[in-house]
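Colleague: Please put the model on screen. I would like to go through it by question and answer.

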Amino acid sequence: MQTVRQAGKVMRVLLANPHKDFRDALMVRLTADGYERLFSAATEKELFRALHAGLVKQESIDLVLLSLDLPIQSGPQSVYEICNNFDVAMLLLAKQHDRSLALEGLKQGADDYILSPDNFD
């Protein structure tokens, strides 16, 4: 399997998760795996701002890693809004008890989901 660097494409990844420690740890891990253009958001407002900014700069986000526990609205509602306004791949980050939300997110247009790790060791 090729790494991101070997594939020769700079992929723009947006991580949306309300927990700073989790965001920081995952950003370090993604950087170590060769991802160079990483963005993060702690709220839906920051998420949509980053998606809009990418369009304006003609550097749209390639992949959204969306946590289902963002504040304000439900994960499936965020998925619905993203899918209806942006052409972007989306991977949902779900906790074990969020599986039903993840399945609803798939119905709303997310590409897939994974159970998010509790730690990165």
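Colleague: Where is Gln-77 placed?
Modeller: This is a predicted model, in which local features need pLDDT of at least 70, side-chain atom pairs count only at pLDDT 80 or more, and totals for chains, interfaces and linings use all residues. Residues are numbered from 1 along each chain as its sequence is written, and side-chain values use heavy atoms, with hydrogens and water left out. Helices (H or I, at least four residues) and strands (E, at least two) are DSSP runs, numbered from the N terminus. On that basis Gln-77 lies in helix α4, residues 75–85.

Colleague: What distance separates the C-alpha atoms of Gln-77 and Glu-104?
Modeller: Along the chain the two residues are 27 residues apart.

Colleague: How are α4 and α5 oriented, roughly parallel or roughly antiparallel?
Modeller: Axes are lines fitted to C-alpha atoms, for helices over the stretch in contact, and angles run from 0 to 180 degrees between N-to-C directions. Helix α5 covers residues 99–108, and α4 packs on α5 at about 20° with the axes 8 Å apart. Angles under 35 degrees count as roughly parallel, over 145 as roughly antiparallel, 65 to 115 as roughly perpendicular and the rest as oblique. Therefore α4 and α5 are roughly parallel.

Colleague: Which residues of α5 make the contact with α4?
Modeller: Contact means heavy atoms within 4.5 Å. From α4 come Pro-76, Val-79, Tyr-80 and Cys-83. From α5 come Leu-101, Glu-104, Gly-105 and Gln-108.

Colleague: In what order do the strands of the sheet lie?
Modeller: Two strands pair if DSSP finds at least two bridges between them. The sheet is open, has 5 strands and is paired in parallel. Its edge strands, each pairing on one side only, are β2 (37–41) and β5 (112–115). The order is β2-β1-β3-β4-β5.

Colleague: Which residue of β5 is the bridge partner of Leu-92?
Modeller: Strand β4, residues 89–94, pairs with β5 in the parallel sense over 4 bridges. Within β5, the bridge partner of Leu-92 is Tyr-113.

Colleague: What pattern does the protein chain follow along the sequence?
Modeller: The protein chain has 5 helices and 5 strands. Read along the sequence, they give α-β-α-β-α-β-α-β-α-β.
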